[in-house]
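Me: I'd like to go through this model with you and hold each label against its definition. Please show it first.

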Amino acid sequence: MAVTASCVLASASAASVVGDTDRSDAGTVSRASFVVREGTPEETTVYVTTADAEGPTAVVVGGIHGNEVAGYTAAGRIADWPIDAGTLVAIPAANAVAIERGTRTDDDGNNLNRQFPEGEPPGTELAGAIWDVITEYDPDVVVDLHESTGIYAGDPMDGVGQAIFHGESDAAADTAGAVADAVTRKFVDDPELEFRPGPFSSPESDPTGLLVHKAARDLGADAFLAETLSTGVELETRVRWHTAIVDRLLAGELLLEDAGDGSPPENRDDAEPSEPVDDGTDDEGQTGESPTARITTAPALGSDTTLEPGQTVTLDASQSSDPDGELVRYEWRLGDTGSFDETGETIDVTISATGDHPVALRVVDDDGATDVDRLTLSTDC
């Protein structure tokens with residue numbers, strides 16, 4: 001595995017690699033990770049799991065859009081899945097800048113999922129680094145995980161949530177349809193949230209420049225784009241939908257340990273227990289409880305406190321908590337609209353204008369669950 005990892009490093013312009021080896025009844029599984037775009041704000045980690053037994057290669061990508069939390073949360077869990085054969089490559093946080101911002105695009109307004117034109121080089125350095133990883137592994141299957149605010153009903157203009165989009169072949173269409181039906185039957189209670197298959201747009205039609213389009217048409221991979229509905233559904237439910245979709249897309253022809261009826265195999269974070277258990281815990285003993293966001297200030301502000309224009313206030317998130325894990329990100333929004341584009345456990349805010357100034361803190365825990373706290377800073381007129 002060390003030789004393979006070194007070759008990947010050279011091709012993908014990564015600067016470091018970490019690897020280890022696991023043993024199971026199915027044989028030896030080697031795990032490695034390496035970084036692309038190291039030393040830049042776009043730095044992100046690629047995780048590679050290789051089984052002893054030969055088999056196909058799959059690539060799973062999340063976080064191309066930074067505001068689609070369920071996709072990158074699910075991809076992070078999938079990176080740790082055990083496999084029986086072949087190779088599983090996961091890029092959970094493809095667009096680290098957008099994830100940090102909590103936005104669809106990066107600092108320059110680039111939509112990463114429009115930077116993969118078919119038959120041409122990728123449009124940005126980050127897209128090029130991701131494409132280098134994919135071409136190095138020459139995958140048989142590529143799955144890209146996304147979310148949408150609307151539900152797909154045959155017309156993407158109305159929304160693309162609750163859909164599995166696929167390439168042009170009859171086999172890809174059949175697979176997407178079968179997976180959509182299976183996941184709906186097992187995991188979806190509301191008929192309005194059933195999953196549907198849908199075809200990729202043609203090369204002459206918008207949207208263009210999608211990663212899965214390029215993987216399918218330039219590399220001949222079986223490529224799929226999974227979309228869940230991001231509004232009105234709990235994050236953990238959306239993550240479970242994503243992992244169930246990937247499980248079924250890969251288990252039929254590929255790598256996963258004895259998937260049986262397609263339910264995630266043993267040791268995955270979202271796996272169903274093999275025996276009926278109703279103790280509220282997941283496979284790692286966590287309770288699945290949501291974190292609590294809490295803002296404190298220095299100086300301390302009461303409910304009737306007003307500030308002077310030009311005064312600086314420190315906003316502190318250190319009193320936030322997570323009962324069953326740890327907080328991994330603190331995100332701030334200044335104003336009542338816009339994105340959570342400030343990060344850090346504490347930030348300093350200088351109020352330069354009179355009036356009311358809303359502030360929101362969003363915390364994210366190691367399961368991807370979130371909570372928001374809000375306050376308003378008021379200055380004298």
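Me: Which residue in strand 5 does T50 stand opposite?

Reply: T50 faces T87 in strand 5. A word on the ground rules: this is a predicted model, where local features need pLDDT of at least 70 and side-chain atom pairs count only at pLDDT 80 or more, while totals for chains, interfaces and linings use all residues. Residues are numbered from 1 along each chain as its sequence is written, and side-chain values use heavy atoms, with hydrogens and water left out.

Me: What makes strand 3 and strand 5 a pair?

Reply: Strands are DSSP runs of E with at least two residues, helices are runs of H or I with at least four, and both are numbered from the N terminus. Two strands pair if DSSP finds at least two bridges between them. Strand 3 and strand 5 have four bridges, in the antiparallel sense, so they count as a pair. Strand 4 and strand 5 pair in the parallel sense over six bridges, and V59 stands opposite V89 in strand 5.

Me: What makes you call strand 5 mostly covered?

Reply: Buried means under 20% relative accessible area, exposed means over 50%, and partly exposed is in between (1.4 Å probe, protein chains only). In strand 5 (residues 85–91), seven of its seven residues are buried.

Me: Why are strand 13 and strand 16 said to stand at the edges?

Reply: The open sheet has four strands in the order 13-12-15-16, with antiparallel pairing. Strand 13 (342–343) and strand 16 (370–379) each have a single partner strand, so one side of each is left without a neighbour in the sheet. Strand 12 (residues 327–334) and strand 15 (residues 355–365), in turn, share seven bridges in the antiparallel sense; W332 has L361 in strand 15 as its bridge partner.

Me: How do you know that F195 is buried?

Reply: The relative accessibility of F195 is 2%, so F195 falls on the buried side of the cut-off. F195 is found in the loop between helix 5 (170–187) and strand 8 (196–199). Beyond its neighbours within four places in sequence, its contacts (heavy atoms within 4.5 Å) include Q162, A163, V183, T228, W241 and I245. The C-alpha atoms of F195 and I164 are 7.2 Å apart, although 31 residues separate them along the chain.

Me: What makes Y152 and F165 an edge-to-face pair?

Reply: The structure holds two aromatic pairs. Rings of Phe, Tyr and Trp (its six-membered ring) pair if their centres lie within 6.5 Å; planes under 30 degrees apart count as stacked, over 60 as edge-to-face and the rest as tilted. Y152 and F165 are 4.9 Å centre to centre with 65° between the planes, and edge-to-face is the result. Y152 lies in the loop between strand 6 (141–148) and strand 7 (163–166) and F165 in strand 7, so the pair ties together parts that are 13 residues apart in sequence. Y152, at 6% relative accessibility, counts as buried, and so does F165 at 8%.

Me: And why is the pair of F195 and W241 given its label?

Reply: The ring centres of F195 and W241 are 5.6 Å apart and the planes stand at 85°, so this pair is edge-to-face. W241 sits in helix 7 (residues 235–251) and F195 in the loop between helix 5 and strand 8, so parts 46 residues apart in sequence are tied together. W241 is buried, with a relative accessible area of 3%.

Me: What makes D138 stand out, and why is D138 called partly exposed?

Reply: D138 has a positive phi of about 45° although it is not a glycine. D138 lies in the loop between helix 4 and strand 6. Its relative accessibility is 47%, so D138 counts as partly exposed. R37, also not a glycine, has a positive phi of about 55° and is placed in the loop between strand 2 (27–36) and strand 3 (44–51).

Me: How do you know that the peptide bond between D206 and P207 is cis?

Reply: Omega is about 0° for the bond that joins D206 and P207. P207 is found in the loop between strand 8 and helix 6.
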